[in-house]
Each structure stands twice: as structure tokens, then as C-alpha cells.
Amino acid sequence: PVVVLVGDSHAANWIPAFEVLGRQNHWRVISYTKSGCSLTLQDITIRGKPYSECTQWSRAVLDEISELQPHMVVLGRSRGARLYAVESRKASDVQATDMLMKIIRELRETGAQVAVIRDTPRMPFDPLLCFEDGDKCMADRDTVMAGEDPLITAAVIDGQTRVVDMTDGLCIGASCPVIIGDVLVWRDWHHLTASYAKTLAPMLAGLLGDIPDRN
């Protein structure tokens, strides 16, 4: 089975876990990731300018996935991404939701099962500095997960897309720590360490479910 992971660096957070699952389950895992570039049909803002290279890259990826015809496509996206020349965050999220629904439908036309991964927390401090200082490195779960996630909204409205929420693997109860099970979770305030991502492979497998047969 061919499983494709697509998105920005927040999607790339999960490459180590997918590599584990690929070896264990004999999947062919292919990742298409680009820093600061979630799969998009409209220009995203980056440093106040349109990220047109991202839009071009996205179209090329969509065309390649269409030719590849994978069994499953998994999308990841920073919920902080904002469309260029849109007057407000709320308006951007609304437009992004509609756009992502179009992307999901286009991907499903390849015959693939489509799944989306809920965005990771945003820690309110530098986890590495907190760890070095020996403070109690915990963040409130509701605070670090706050904010609209257009990718999840699009998936829920679509109704046929799997939603993979890994937050329970990143937080314990109401708190999100820097270390879980003697493994450092964060390499910065919103990216996972490869070591910790690998530990979540079993949870990811359970939430992804069975890879559908294309026959």
C-alpha cells in the first residue's frame, strides 16, 4: 500500500512515525513537505508577502499524487497559516476551509482515503530553555491548542475524511509537558523531536485505521 504524507513542517513532524509504520506494515511511505507551505490553491502569506512558490509547489504535488494514485493521503497543516491579502484571520480561516474542502475532494478523486492530522500544540515558552533551567515545564492544554483549525473544520464538514487527533499523545490530561516517558517531546516551541514522534507510531496507526484496498 502507498501512503502519502503532505504539508508543511507541522506535517513533517510525523515523518518519523510514518517511517516506523511503513517498516512494520510494509507500506510504501512517500512524503511531500515544504517548510511554511501547507497544501494550498491560494497564496499563503509569508513575512508579509505572497508565497507564490508554495502555490506552484502545491499544484505540482497534487498532479503527482493524481498520477501516483495512492491508497491513503494524509494532510498536515499549521493552523497559523494565513492566506495572502485577506483582511482578517477569521476571513482567512473561512476561505481556507472552503479551499481545503476542494483539495480533499480532488485527492479523493484519485481513489485514495483522505485523512487529516490535527495541528500540534504551540508551547508558550522555549521548551529547551525551560528544560535546561529545571523549571516545571508544563503548558495548559486548552491554551496551547487554542485557535481555529481550518483543516479539521474542512474534514468535519466533508464527512468522509478521517480526523487524526494526536493531542492525547502530546499532553497528559489538562497539561502538555516537555518530557513524556523520559523522552524530550519538543525541539522548539511547535516542532516535535524525531525521537518522540517515533514513540507515537502505535497511536497514529490506531487512529489512521486500516489502509483501504483499491480493488
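**Close-up 1. R59, D63 and E106 form a salt-bridge network**. In this predicted model, salt bridges link these three residues together. E106 sits in helix 4 (residues 89-108) and R59 in helix 3 (residues 52-68), so the contact ties together parts that are 47 residues apart in sequence. E106 is partly exposed, at 24% relative accessibility. R59 is partly exposed too, with a relative accessible area of 34%.

**Close-up 2. R122 pairs with D119**. The two side chains make a salt bridge. Between R122 and D119, the closest N and O atoms are 2.9 Å apart. Is D119 buried or exposed? D119 counts as buried because its relative accessibility is 3%, and the cut-off for buried is under 20%.

**Close-up 3. R141 meets D168 in a salt bridge**. The N to O distance is 2.8 Å. This pair links distant parts of the chain. R141 belongs to helix 6 (residues 141-144). D168 belongs to helix 8 (residues 167-170). D168 counts as exposed, at 53% relative accessibility.

**Close-up 4. Salt bridges across the structure**. How many salt bridges does the structure hold? There are eight. Side chains of opposite charge can pair when their charged atoms come close.

Methods: Residues numbered from 1 in each chain as written. Predicted model: local features only at pLDDT ≥ 70, side-chain atom pairs only at ≥ 80, totals over all residues. Heavy atoms only, no water. Salt bridge = Lys/Arg side-chain N within 4 Å of Asp/Glu carboxyl O. Helix = DSSP H or I, 4+ residues; strand = E, 2+ residues; numbered from the N terminus. Buried < 20%, exposed > 50% of the residue type's maximum accessible area, 1.4 Å probe, protein only.
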